[in-house]
Amino acid sequence: MLFSWMKTLGEYLRGFFLYGMLEGIHGEKRALDHLFMLGLFGPMIGFPGLFNYYHLRMIPFYMKRLGVWKRRILKERDFFDFVKE
């Protein structure tokens with residue numbers, strides 16, 4: 001019981017002190033992922049790009065993420081989506 005309480009306290013403090021830093025890191029990772037997926041599947045949504053041997057080699061690994069990426073890229077956004085609290 002003592003160890004579970006200490007573990008919970010440790011997770012709380014980690015979230016309290018590192019949330020802002022981790023949010024920035026995840027945002028950068030998401031932006032790079034968008035750029036990579038745009039290069040790989042850009043022609044599918046109307047963005048011209050090169051299509052070569054390396055794209056064909058990577059497509060099987062990224063097909064499972066294609067549906068989620070297309071929904072996220074093609075979603076309509078307005079001003080309030082970009083405003084943070």
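Is Tyr12 buried or exposed? Select Tyr12 to begin: this residue is exposed, with a relative accessible area of 54%. Keep in mind throughout that the model is predicted.

**Stop 1: confidence**

Colour the chain by pLDDT. The mean for the protein chain is 80, and 93% of the residues reach 70 or more. Among the elements, helix H1 has the highest mean pLDDT, 84, whereas helix H4 (residues 79-82) has the lowest, 72.

**Stop 2**

An α-helix has 3.6 residues a turn, so residues three or four places apart point the same way. Like Tyr12, which is exposed, Phe16 is exposed, at a relative accessible area of 56%.

Now look at the rings themselves. The structure holds three aromatic pairs. In the pair made by Tyr12 and Phe16, the ring centres are 6.2 Å apart and the planes stand at 20 degrees, so this pair is stacked. The cut-off behind that word is that planes under 30 degrees apart count as stacked.

**Stop 2: a nonpolar patch**

Show the surface and select Phe3, Trp5, Met6, Leu9, Tyr12, Leu13, Phe16, Phe17, Leu18, Met21, Leu22 and Ile25. Together they form a nonpolar patch on the surface, with about 1,300 Å² of accessible area. One of its members is Trp5, a residue in helix H1. Trp5 is exposed, with a relative accessible area of 54%.

**Stop 3: from H1 to H2**

Next select Phe36 and Tyr62. What are the distance between their ring centres and the angle of their planes? The centres are 5.0 Å apart and the planes are at 55 degrees, so the pair is tilted. Phe36 lies in helix H1 and Tyr62 in helix H2, so the pair ties together parts that are 26 residues apart in sequence. Phe36 is partly exposed, with a relative accessible area of 32%, whereas Tyr62 is buried.

**Stop 4: the two faces of H2**

Stay with H2, which covers residues 53-62. Select His55, Ile59 and Tyr62: these residues of the helix are buried. They cover an arc of only 80 degrees around the axis, which puts them on the same side of H2. The face directed away from the buried side carries Tyr54, Arg57, Pro60 and Phe61, which are exposed.

**Stop 5: the salt bridge**

How many salt bridges are there? The count comes to one. To find this salt bridge, select Arg65 and Asp33, whose side chains meet at 2.5 Å, N to O. The pair links distant parts of the chain, 32 residues apart: Asp33 is in helix H1 (residues 2-41), and Arg65 is in the loop between H2 and helix H3 (66-74). Arg65 counts as partly exposed, at 34% relative accessibility.

**Stop 6: across the model**

Finish at Asp78, in the loop between H3 and H4. Asp78 is partly exposed, with a relative accessible area of 42%. From C-alpha to C-alpha, Asp78 and Met6 are 43 Å apart in space, and they are 72 residues apart in sequence.

Conventions. Residues numbered from 1 in each chain as written. Heavy atoms only, no water. Buried < 20%, exposed > 50% of the residue type's maximum accessible area, 1.4 Å probe, protein only. Helix = DSSP H or I, 4+ residues; strand = E, 2+ residues; numbered from the N terminus. Arc of directions from axis to C-beta. Salt bridge = Lys/Arg side-chain N within 4 Å of Asp/Glu carboxyl O. Patch = residues over 30% accessible without salt bridge, like charges linked within 9 Å, V, L, I, M, F, W, Y side chains within 5 Å. Areas by Shrake-Rupley, 256 points an atom, 1.4 Å probe, with all protein chains shown as cover. pLDDT = per-residue confidence, 0-100. Phe/Tyr/Trp six-rings, centres within 6.5 Å; stacked < 30°, edge-to-face > 60°.
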